[in-house]
Amino acid sequence: MNTDTFWQIIASVKNSNDVNLALRTALSTLDKNDIAQFDVLYTQELRKLWHWDNWAFAYVMCGCNSEYDFLDFCNWLILQGKGDLAKFLANPDCLAEYEHIPVKNDLPAPYCDELDLIAGLLHEDITGEELPYHNVVNFAPQGKKFKNKPKLLMEQFPKLYAKFWQQK
């Protein structure tokens, strides 16, 4: 398992109705070592995203205000694929034009619950052994905590703010 294969697997499940099941199915064709390595690579991507700057634009888009909501948002970001993820991180405001943001009850819902757990659960089902727990949620995000003042958020993310802020 290398990063190219990792991103190929993510791309293969991205548009599935049930991405968790699709990821489990895709990973089930791999040996236990590749599943374990996929889990390591996934956690590395999550840790890169675990930053206050990213939480700030998640907050503007969808009111993301807990570490578990933010984790589900990061899962969704990873699911968009390597290219889109890089684009969003370089310019979060471009998400205002992104056409693939899920909506629930007329509000943006870019979340993917438990995608980060699939490889570990599958590995345990196959081998009876747990993978090492790669804690992401229980440590502070990198960087400086953002200020949730509307004026500051509007200045930092003008397009996201204009599109999503009033919907919350």
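In this predicted model, the side chains of Lys-48 and Glu-45 pair up in a salt bridge, with 3.1 Å from N to O. Both residues sit in helix H3 (residues 32-49), 3 residues apart, or about one turn of the helix. Elsewhere, salt bridges with shared partners join Lys-14, Asp-84 and Lys-87 into one network.

Within that group, Asp-84 and Lys-14 meet through their side chains at 3.6 Å, N to O. Asp-84 belongs to helix H6 (residues 82-90) and Lys-14 to the loop between helix H1 (3-13) and helix H2 (19-27), so this pair ties together parts that lie 70 residues apart in sequence. Asp-84 counts as buried, at 19% relative accessibility, while Lys-14 is partly exposed, at 22%.

Another salt bridge brings together the side chains of Arg-24 and Asp-125, at 2.6 Å from N to O. Here too distant parts of the chain are linked: Arg-24 is in helix H2 and Asp-125 in helix H7 (residues 118-127), 101 residues apart. Arg-24 is partly exposed at 30% relative accessibility, and Asp-125 is exposed at 52%. The count for the model comes to 4 salt bridges.

As for the cysteines, a search of the whole structure turns up 0 disulfides. The closest cysteine sulfur to that of Cys-64 belongs to Cys-62 and is 5.0 Å away, which is too far for a bond, given a cut-off of 2.5 Å. Cys-112 is in no disulfide either, its nearest cysteine sulfur being that of Cys-74, 12 Å away. Cys-64 is buried, with a relative accessible area of 1%, and Cys-112 is buried as well, with 7%.

Definitions and conventions: Residues numbered from 1 in each chain as written. Predicted model: local features only at pLDDT ≥ 70, side-chain atom pairs only at ≥ 80, totals over all residues. Heavy atoms only, no water. Buried < 20%, exposed > 50% of the residue type's maximum accessible area, 1.4 Å probe, protein only. Helix = DSSP H or I, 4+ residues; strand = E, 2+ residues; numbered from the N terminus.
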